[in-house]
Amino acid sequence: MLHPRAKTMLVFTLPALLIGILSSLILVAIMMLAGALQTLLWQHIPSALHIDTSSASWTLFMLTLTGLGVGAIIKYMPGHAGPDPATESLIGPPVALNALPGLALALMLGLAGGVSLGPEYPITVINIALVATAGRYLLPKVPTMDWVILAAAGTIGALFGTPIAAALIFSQMLGGDKDVPLWDRLFAPLVAAGAGALTTDQFFEPDFSLNIDPYDASRLVDVFSGSVVVLIAIAIGMVAVWLFPHVHRLFHSIKNPVLMLGLGGFVLGLLALIGGEITLFKGLDEMKQLAESDQLFEISSMLAITLTKLAALVVAAACGFRGGRIFPAVFVGVSLGLMLHQYAPDVPAAVTVSCAVMGMVLVVTRDGWLSLFMAAAVVPGLKLLPLLCIVMLPAWLLLAGKPLMLVSKYLPARKENKEAE
């Protein structure tokens, strides 16, 4: 009774289910281990030694020690803990399996030590490598790219607790074949993403939503206000994009990874002294704390938190820590949006926060669907969606052709070739 197209989709259903579950379990295991290590480093050990974790000396010590530890992992572990995240996008080709243990250790130590990066990039790399290797041995006739897509979809579903983000991302990646409908191509990735999301929900529920007054009534003036907020976020974010390759070049002039990451950790510690403890770690729990206590901060303090977290994101990603840039970018957007709401209280916080998040994530990822999803996840509400879709348009026009927050890994080779000629 099934059409051949439906039979083709069904063939991938079981592998996609297994891949989604596996992707989620790996994420859950790494996040739980990182959480246990964070509790040990920031609670149990200081408590036993009677150390105040809010002191400047402890913050500098912990971040520097974290940098030295991650640097040692990168230098001495096989595969150097994977490629430099500053040169890679979220979804890329499979890496060698021998790099995965070091990458997992570097990620867990960075998350536990307070580095301002998220888990999304390393987790995606790990899952893609494992799934692609298994697929190559079990079903060698299936193209590697199909396994990459399923692993990435399962991981994205697990990370965000919903398959919607994966559907939006892959709807633009899987286009081009007019003979196969888009939803046929999305079927298996959605199965993987759904399985990943449901599996993660059995352990913890990824929740990005903030305790902000809902946006109940649409106002035409909010379109203008939201556009201004998005443009402010883009302007600030593009400064970070411009600085990113220069900071990367500066840190990588130090050839020893231990010294490079140790210095990077020390700089992150100094930044934390300026912005406070709330600017440490990946930013998901911290942005909720910020939203609940934003009235306790003056506008100048909110500005310091915003700029410090953005600087920490640039430094952490540029100096070689293994992590992703989406989670801290969301924190920066939330902080900026709350600050702008304090400056202009007549503009609803739902508008300033969602538009600032969308603008900042758009700068960091240059992915319109993901930026729209993150804004809607942080400030849920159907009334906001038309506004966000409209203010996205001028933002996309402004960013068209602008540089990405990536460092080209081919530039040094090209320079050497030019000198040889």
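These legends describe close-up views of helices in a predicted model.

**View 1. Helix 3 and its buried residues.** Helix 3 covers residues 56-76. At 1.5 Å a residue, its 21 residues should span 30 Å. Its end C-alpha atoms are 30 Å apart, which agrees. The buried residues include Trp58, Leu60, Met62 and Leu63. Further along helix 3, Val70, Gly71, Ile73 and Ile74 are also buried. What covers them includes helix 2 (13-49), helix 4 (100-113) and helix 10 (257-275).

**View 2. Helix 4, largely enclosed by the rest of the structure.** Of its 14 residues, 12 are buried, so the rest of the structure largely encloses helix 4. Among the buried residues are Leu100, Leu103, Leu107, Met108 and Gly113. The buried residues pack against helix 2, helix 3 and helix 5. From first C-alpha to last, helix 4 reaches 20 Å, close to the 20 Å expected at 1.5 Å a residue. Gly114 follows helix 4 and has a positive phi, near 105°.

**View 3. Helix 5 packed with helix 6.** Two packed helices are described by the angle between their axes and the distance between the axes. Helix 5 (residues 120-138) and helix 6 (residues 144-160) pack at about 140°, with axes 8 Å apart. That angle makes helix 5 oblique to helix 6. Their crossing is right-handed.

**View 4. Residues of the contact between helix 5 and helix 6.** Helix 5 contributes residues including Glu120, Ile123, Asn127, Val131 and Arg136. From helix 6 come Thr144, Trp147, Val148 and Leu159, among others. The contact residues divide into nine nonpolar, five polar and two charged.

How values were computed: Residues numbered from 1 in each chain as written. Predicted model: local features only at pLDDT ≥ 70, side-chain atom pairs only at ≥ 80, totals over all residues. Heavy atoms only, no water. Axes fitted to C-alpha atoms, helices over the stretch in contact; angles between N-to-C directions. Helix = DSSP H or I, 4+ residues; strand = E, 2+ residues; numbered from the N terminus. Parallel < 35°, antiparallel > 145°, perpendicular 65-115°, else oblique. Left-handed = near helix turned anticlockwise from the far one by under 90°. Contact = heavy atoms within 4.5 Å. Nonpolar A, V, L, I, M, F, W, Y, C, P; charged D, E, K, R; others polar. Expected span 1.5 Å × (residues − 1). Buried < 20%, exposed > 50% of the residue type's maximum accessible area, 1.4 Å probe, protein only.
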